[in-house]
Amino acid sequence: RLLVQDGNAPRTFTNTSERYALLSESIQSNRILQGRRRIVGTRDLYSGSIRPHSYVIAGDLVLQPGPAELTKWLPRILGGTLNAGVLTPADTLPSFDMLLDRENGIFLYTNCQVARAVFTSSTALGSEQEELLELVMTIVAETETDGQTWPNPEPAINNAAEYAPYMHSEGALTINSNSRLCDSFNIMIDNDIFMRARGSLTPNCIRAGDRRIRLQTRNLFIT
């Protein structure tokens, strides 16, 4: 189960937090140790020299978003705010918290940001392959904490029409005011995130760099 909460920190998860159906997630930390390089003249390794190393908390979150969900995620991917369906990107990316129930534990991730987002869809005429829009987001976070509590009552699962995933057949590719048909597309938005840990084992400075956007399509050859 996945909940997302924005707003000012500290954030509290309630029955009004955003709940999402996800395809998969791999958000985690890789915590290593250091202090094994010292020469002491014996084969013994002294535990007092072993210290924790700074570490990054990151991973992918995969969704099949609908219109209502993109209303929430597009400002997190590009910055800025939506106004009458139009998003004006901004230099600063908003942060948010995530609560993940993995059955073996409930994990809290704080001050998350979207480092990269990839939108993909394709046609699969007559096969069992899904033709739904998929969104793969690389998420980075400042802290990871286990042993959290799931809100009770919990947010309801959204089943309204505006939460239904987009289909590939609903897409439109327009270039120079001309509509094009395409078999598949891939849009990557890379925020060039860089992180620093100053006086901390985890990043306490997460900043976006250059914004890079790449579009790839597979479509008919048109002269």
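Q5 lies in strand β1, which spans residues 2–5; strands (E, at least two residues) and helices (H or I, at least four) are DSSP runs, numbered from the N terminus. This is a predicted model, in which local features need pLDDT of at least 70 and side-chain atom pairs count only at pLDDT 80 or more, while totals for chains, interfaces and linings use all residues. Residues are numbered from 1 along each chain as its sequence is written, and side-chain values use heavy atoms, with hydrogens and water left out.

Q5 counts as buried because its relative accessibility is 16%, where buried means under 20% relative accessible area, exposed over 50%, and partly exposed in between (1.4 Å probe, protein chains only). Beyond its neighbours within four places in sequence, Q5 is in contact (heavy atoms within 4.5 Å) with R11, T12, F13, S17, F96 and D97.

C112 is likewise buried, with a relative accessible area of 0%. The closest cysteine sulfur to that of C112 belongs to C205 and is 16 Å away, which is too far for a bond, and the structure holds zero disulfides (pairs of cysteine sulfur atoms within 2.5 Å).

Helix α1, residues 67–78, has twelve residues and reaches 16 Å from its first C-alpha to its last, close to the 16 Å expected at 1.5 Å a residue, the expected span being 1.5 Å times one less than the number of residues. The buried residues of α1 are A68, E69, L70, W73, P75, R76, I77 and L78. After α1 comes G79, whose phi is positive, near 75°.
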